[in-house]
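Please open the structure in your viewer and get ready to click along. We will go from stop to stop, selecting a few residues each time and saying what is there.

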Amino acid sequence: AMRRPAPLTAMLCCVVHAQRFPSVQPQLLITGYVEGSSFNKAVEISNIGVLEVDLTGYSLAFFFGGDTQPDTVVNLQGTVAAGGTFVVCHAKSDQRIIAVAQQTDPKPGWFNGDDSVVLRDASDAVLDSLGQVGVDPGDAFGTPPLTMKDATLCRDTTVPDTTVDDAFTFGGWVALPKDTFSGLGNTTCVPNTTPAPDTPTPNTLAPATAAPDTMSPDTMAPDTSAPKMPWDTAAPDTDAPATAAPDTNAPDTTAPGT
């Protein structure tokens, strides 16, 4: 016999039920990594889901070099609010890291740049990872500036790497300078511990302008005195021209000798 289709009301009820009570899984991933000087080691975990996550049974495992079994396991404690972060660091880290951390761990065997980091949930399922388990990269995974050695990494994507032994390509990771960590606990990359460039303070003083010459113009009367030097303007010669006096002697009237 043919099966009758389910009543429309029943179908709608199922749809509404599925929309009101969706199956939501917690979503944790590693969003920050610090491998700095001395004991400056930290991992930031973010909850990108909509439910608070109880970390009971969750762990961070560190695989040294090419080891395939974890050398150090940090069992996580506490909760991560939806949209929140959870920072785990070495107990001897810089105080600025400890100030934003929700958990510290004193184990001496934390990671270096050539080690892998794996985040697991309470069922031991892999939630995210950095590096490549079973592979010794030599000095470090990656090459500067995008490297796991002497660097801070922050994530700008929400795609986890749940395959621990695949090649680590740094996809979605942003490199920051060594010992940059005041962005820890934020959900975005914040490279705000790097010193600001030395830029000279702009000169806000008004440019120097010469004061206008307010001295009164020279109003002294011109020197009208006669010039002192004869070669400047010699006085005209007013002497009358020399004229010879007429000869007034009487002519010689002596009679010639007779």
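## First stop: an arginine inside

Select R155 and I30 and show their atoms: a polar atom of the R155 side chain lies 2.7 Å from the backbone oxygen of I30. Keep in mind as you look around that this is a predicted model.

Stay on R155, which has its place in strand β13, residues 151-155. Is R155 buried or exposed? Its relative accessible area is 6%, so R155 is buried, because anything under 20% counts that way.

The side chains of R155 and D128 make a polar contact at 2.3 Å. This pair is also a salt bridge, with 2.3 Å between the closest N and O atoms. D128 sits in strand β10 (residues 126-130) and R155 in strand β13, so the pair ties together parts that are 27 residues apart in sequence. Both partners, D128 and R155, are buried.

## Second stop: two further salt bridges

How many salt bridges does the count come to? The count is seven, and we will visit two others here.

Select D105 and K107. Their side chains meet in a salt bridge, with 3.1 Å from N to O. D105 has 7% relative accessibility and therefore counts as buried, whereas K107, at 33%, counts as partly exposed.

Next, select R120 and D124. Here the side chains meet in a salt bridge at 3.8 Å, N to O. R120 is buried, with a relative accessible area of 17%, while D124 counts as partly exposed at 48% relative accessibility.

Select residues 72-75, which make up strand β5.

Strands β4 and β5 pair in the antiparallel sense over four bridges. To see how they line up, find F62, which stands opposite T72 in β5.

The side chain of Q103 reaches the backbone oxygen of N75 at 2.9 Å. Q103 counts as buried, at 9% relative accessibility.

Leaving aside neighbours within four places in sequence, Q103 is in contact with V74, N75, L76, Q77, F86, V87, V88 and C89.

Select L60, L76, V117 and L130. In the largest nonpolar core, which has 27 residues, these four touch the most other members. The elements giving two or more residues to this core are β1 (28-35), β2 (41-47), β4, β7 (85-90), β9 (116-120) and β10. Which of them gives the largest share? The answer is β1, with three residues.

Zoom in on L130. Beyond its neighbours within four places in sequence, L130 is in contact with I30, Y33, S116, V117, M148, L153, F168 and W173. Another core, of eight residues, lies apart from the largest one; among its members are V34, C89, I97 and F181.

## Last stop: zoom out

Show the whole protein. There are two helices and 14 strands, and 32% of the 258 residues count as buried. Of the contacts with a separation of 6 or more, 60% are between residues 24 or more positions apart.

Finally, colour the model by pLDDT. The mean is 77, and 62% of the residues reach 70 or more. Select residues 192-211: pLDDT stays under 50 there, and the model has eight contacts beyond four places in sequence for this stretch. Then select residues 215-223, where pLDDT also stays under 50. How many contacts beyond four places in sequence does the model have for residues 215-223? It has zero. Where pLDDT is low, the predicted coordinates should not be read in detail.

Technical notes: Residues are numbered from 1 along each chain as its sequence is written. This is a predicted model: local features need pLDDT of at least 70, side-chain atom pairs count only at pLDDT 80 or more; totals for chains, interfaces and linings use all residues. Side-chain values use heavy atoms; hydrogens and water are left out. Buried means under 20% relative accessible area, exposed over 50%, partly exposed in between (1.4 Å probe, protein chains only). Two strands pair if DSSP finds at least two bridges between them. A polar contact is a pair of N or O atoms within 3.5 Å; within protein, one must be able to donate a hydrogen and the other to accept it, and residues adjacent in sequence count only if both atoms are side-chain atoms. A salt bridge is a side-chain nitrogen of Lys or Arg within 4 Å of a carboxyl oxygen of Asp or Glu. Contact means heavy atoms within 4.5 Å. A nonpolar core is a set of buried Ala, Val, Leu, Ile, Met, Phe, Trp, Tyr and Cys residues joined through side-chain atoms within 4.5 Å. pLDDT is the predictor's confidence in each residue, from 0 to 100.
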